[in-house]
Amino acid sequence: MEIELSVSFQEEGHSFKSKDRSSMRIAALEKKLAKEIELRQKLSQELEQSKKQLFAKEKEKKQVENELTEQAKQVENSERKVNEGIRQLEMKEQIWSTVQQKWNVEREKLNKQIRAQEQEIRKLAQQVGQLSNKTRQLRTIAAEFKHICRNSNELIGVLCKALDEDIRQISCNWIEEGRTGINGRKRMQVILHLLDALDAYRQQEERTSDGLSLSVDASMEPSSLSELTEAAKEINQTNGVYTGTFYRRDHGGYIQLENGEVFNITESLVNNHQLEHKAEVQCRPYLQDNGATFYDIELLFQGDDAYAPIRQYVGYVQLGEHYTWYCVDLNDSTCRFPLHRKDIEIQQPEDGMPCTFNVSEEGEFARLSKVYRQFTKTEEEFELARTEMSKARSNSSVPAAKPSAFLTGCTVAIIGGQRKWFEEVVAESGAVLVHDNGEHTERIAADLRRSQALFLLLTATSHRATWGGIEIAKACGMPHFTIQGSKSNLRKQLWDNRETIRAGLQ
């Protein structure tokens, strides 16, 4: 463009025509230049705007990239957590599968036991049915015998005929076997002994009916007529009532009667009669329809559980680890004992249920004595039991262990009850016992005057014997006390009044 301008200026002097053309070109060029400048300005403005937009886009791009990076990190963390959760679930699934396998094995064992017990129950039911059939048959036979045999002689005759028939059949079989069978010979010997016994009984009954003297075996009956008379008097006096001594166990106990018979009683009976160790009881036997013998029990003289071979606690039932049931002492939570399986099966305890329980001195298991199931009465009964036990422990001034003989050389007289009720307690103190049951106090009057103390059991003593003993005690300046019907009370009074009793020796 500059070359053209220079050429146009050089040609300006030559011709006028060339001047007009150059001016026109210059104007055109100026217009074109102005347009180019304007276009360039627009383009520069647009370029600036594009640069700003590009910068904004790059900034947005960086923000988006940062967000994507953060989200990628979150996704990685989420994936890691998900993988960890999956691993934990797999481990739990393995553990649960193992536990389920064990449960399945235990369930199979229990099912086998249940099936075995069901078979035993069916067998027992069959045996019961067979026994009931035999019982009916025996009752029918007994009724027939009762109808046939009007007296013992007829019954003995029927039995002898049956035994004769049996021995005839056995002898025939024995002869056929060449007299080599040992069982046949033994059976014949037994039957012959039975026949001899029946003949002897029949002859004895005939002599008795004729008024002759009764010959009695010395091993079974009294050897003399006086002893037989005394035994008959004793039977008539007792009228079927026996006295016995109760002995405590960790659950229930047993009663030993004077005739040597022993029978067990349950914990519920112990609680109902409030029996304590070595309590003296009166038992009246009666026979039920099924042939079993039961006893009506009446407390005569209370014993003392402090000397029983058990420990008594007031506490509660606790479900421990591995589904093991425990009995826990209320006053010491560390003192707990596993509950016996029989009480778990029968009582079906609940966690936290208040109770009283017993533990034998050398035992490891607790046995439930009382369970307080009714929630409305639980707190009152439970608090009452705890109060009574704590009061008995706190008020007892007798040492927990058996004290040494603290009344050695003293004589203690007791009126009322039976001598055996007091012998053990008085022997513990070291004193000598003088006793009368309250019927003939004059027999011990001399010994009573030489005694250092008099104890009266008012519930088993007549008024005459009571006032007679008190008059002798007052005349001799002897202290007298009242026994409140228990061995623990007598033991406590001997211990509390030991100084007063020993003062009588001086």
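Leaving aside neighbours within four places in sequence, Arg 367 is in contact (heavy atoms within 4.5 Å) with Asp 250, His 251, His 340, Lys 342, Asp 343, Phe 357 and Asn 358. The model is predicted, so local features need pLDDT of at least 70 and side-chain atom pairs count only at pLDDT 80 or more, while totals for chains, interfaces and linings use all residues. Residues are numbered from 1 along each chain as its sequence is written, and side-chain values use heavy atoms, with hydrogens and water left out.

**Arg 367 and its strand**

- Arg 367 lies in strand E10, which covers residues 367-371; helices (H or I, at least four residues) and strands (E, at least two) are DSSP runs, numbered from the N terminus.
- Arg 367 is buried, at a relative accessible area of 11%; buried means under 20% relative accessible area, exposed over 50% and partly exposed in between, with a 1.4 Å probe and protein chains only.
- The side chains of Arg 367 and Asp 343 make a polar contact at 2.9 Å. A polar contact is a pair of N or O atoms within 3.5 Å; within protein, one must be able to donate a hydrogen and the other to accept it, and residues adjacent in sequence count only if both atoms are side-chain atoms.

**The open sheet**

- An open sheet is formed by 5 strands in the order E8-E7-E6-E9-E10, with antiparallel pairing; two strands pair if DSSP finds at least two bridges between them.
- Strand E8 (336-338) and E10 stand at the edges with a single partner strand each, so one side of each has no neighbour in the sheet.
- From one strand to the next, the twist averages 40°, where axes are lines fitted to C-alpha atoms, for helices over the stretch in contact, and angles run from 0 to 180 degrees between N-to-C directions.
- E10 pairs with strand E9 (residues 354-360) in the antiparallel sense over 4 bridges.
- Thr 356 has Lys 370 in E10 as its bridge partner.

**Strand E11**

- E11 is mostly covered, as 5 of its 5 residues are buried.
- Thr 411, Ala 413 and Ile 415 are buried on one side of E11, and Val 412 and Ile 414 are buried on the other.
- E11 pairs with strand E12 (residues 432-436) in the parallel sense over 5 bridges.
- Ala 413 has Val 434 in E12 as its bridge partner.

**Nonpolar cores**

- The largest nonpolar core has 21 residues, of which Ile 414, Phe 422, Phe 455, Ile 483, Leu 490 and Leu 494 touch the most other members. Such a core is a set of buried Ala, Val, Leu, Ile, Met, Phe, Trp, Tyr and Cys residues joined through side-chain atoms within 4.5 Å.
- Two or more residues of this core come from each of strand E11 (411-415), helix H9 (419-429), strand E13 (453-456) and helix H12 (487-496); H9 gives the most, with 4 residues.
- Leu 490 is in contact with Ile 414, Phe 422, Val 425, Phe 455 and Ile 483, leaving aside its neighbours within four places in sequence.
- A second, separate core of 13 residues includes Val 434, Leu 448, Leu 456 and Met 478.

**Gln 484 and the cysteines**

- Gln 484 sits in the loop between strand E14 (480-482) and H12, and counts as exposed at 65% relative accessibility.
- Gln 484 and Leu 456 are 28 residues apart in sequence, and their C-alpha atoms are 9.0 Å apart in space.
- The whole structure has 0 disulfides, a disulfide being a pair of cysteine sulfur atoms within 2.5 Å.
- Cys 410 is buried, at a relative accessible area of 0%, whereas Cys 476 is partly exposed, at 37%.
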